[in-house]
Amino acid sequence: MLTIYGVYRSRASRNYWLAGELGLPFVSVPVMQARRVAEPYAADAPLNTKSPDFLAVNPTGLVPCIDDGGFVMTESLAINLYLARKHGGPLSGRTVTEEAEMLQWTMWAATEVEPHAVKIVLAFDTGIQDSEEGRSVIAKASEALARGFKRLDQHLAATGHVVGDRFTVADLNLAEVFRYATGQPALFDAAPNVKAWLARCQARPAFKAMMETRSGELE
């Protein structure tokens, strides 16, 4: 049985979405980020990333992580690549080249897009988006993201998908990274292929189911 550690309001959302796409049964262990817990070390604190019980599973103290029949793995995007490869089907690579492309685009999103996109999310999460500091952070992040948006927009013009001519784990991984930038619609308006692609990804039943559960979690 697959166990996914992490609340839906975390990067674990990526793994929950993929599990839904693959129809995988799983156990969800809702580990909260310690920064969201008033006293993470308190005896009555909810299970969080500083809880000894979680650190015994994942010493890095980060969510998500999975336990797949005794195999413990961290890093949300890598977890998705692993699960897609293990279970096969249309979400996985049909050839070695497709698998390489999925890895390439996932690494690109993780290193070139997410570091900037997450700054936008954090600005809104911390409520500074309308302050001088927040506007500056968002403007700089958006400027840095413009190049990545342009690259993906040009790439999607061919088939409307990241790899091959179908929805794959690469689309899912990148869609979850690009979702962080949705607070800046101008980026998507300037990249119509990206905007249409993300809308298609987020129209999938498994994504909607994941987001419904996510929205039902306590803040």
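Residues are numbered from 1 along each chain as its sequence is written, and side-chain values use heavy atoms, without hydrogens and water. In this predicted model local features need pLDDT of at least 70 and side-chain atom pairs count only at pLDDT 80 or more, while totals for chains, interfaces and linings use all residues.

**Exercise 1. State how many helices and strands the protein chain has, and how its radius of gyration stands to the globule rule.**

Step 1. The protein chain holds 9 helices and 4 strands; helices (H or I, at least four residues) and strands (E, at least two) are DSSP runs, numbered from the N terminus.

Step 2. Along the sequence the pattern reads β-α-β-α-β-β-α-α-α-α-α-α-α.

Step 3. The radius of gyration is 18 Å, close to the 17 Å that the globule rule gives for 219 residues, so the protein chain is as compact as a globular protein of that length. The radius is taken over C-alpha atoms, and the rule is 2.2 Å times the number of residues to the power 0.38.

**Exercise 2. Determine the strand order of the sheet and the sense in which β1 pairs with β2 and β3 with β4.**

Step 1. The sheet is open, with 4 strands in the order β2-β1-β3-β4 and mixed pairing; two strands pair if DSSP finds at least two bridges between them.

Step 2. At the edges lie β2 (26-29) and β4 (71-74), each pairing on one side only.

Step 3. β1 (residues 2-5) and β2 are parallel over 4 bridges, and Tyr5 stands opposite Val29 in β2.

Step 4. β3 (residues 65-68) and β4 are antiparallel over 4 bridges, with Thr74 in β4 as the bridge partner of Cys65. Their hairpin has 2 residues between the strands, and Gly69 takes a positive phi near 65°.

**Exercise 3. Describe how α1 packs against α9, and which residues make the contact.**

Step 1. α1 and α9 (residues 205-215) pack at about 135°, their axes 8 Å apart. Axes are lines fitted to C-alpha atoms, for helices over the stretch in contact, and angles run from 0 to 180 degrees between N-to-C directions.

Step 2. That angle makes α1 oblique to α9 (under 35 degrees is roughly parallel, over 145 roughly antiparallel, 65 to 115 roughly perpendicular, the rest oblique).

Step 3. Ser13, Tyr16, Trp17, Gly20 and Glu21 of α1 meet Ala206, Phe207, Met210 and Arg214 of α9, where contact means heavy atoms within 4.5 Å.
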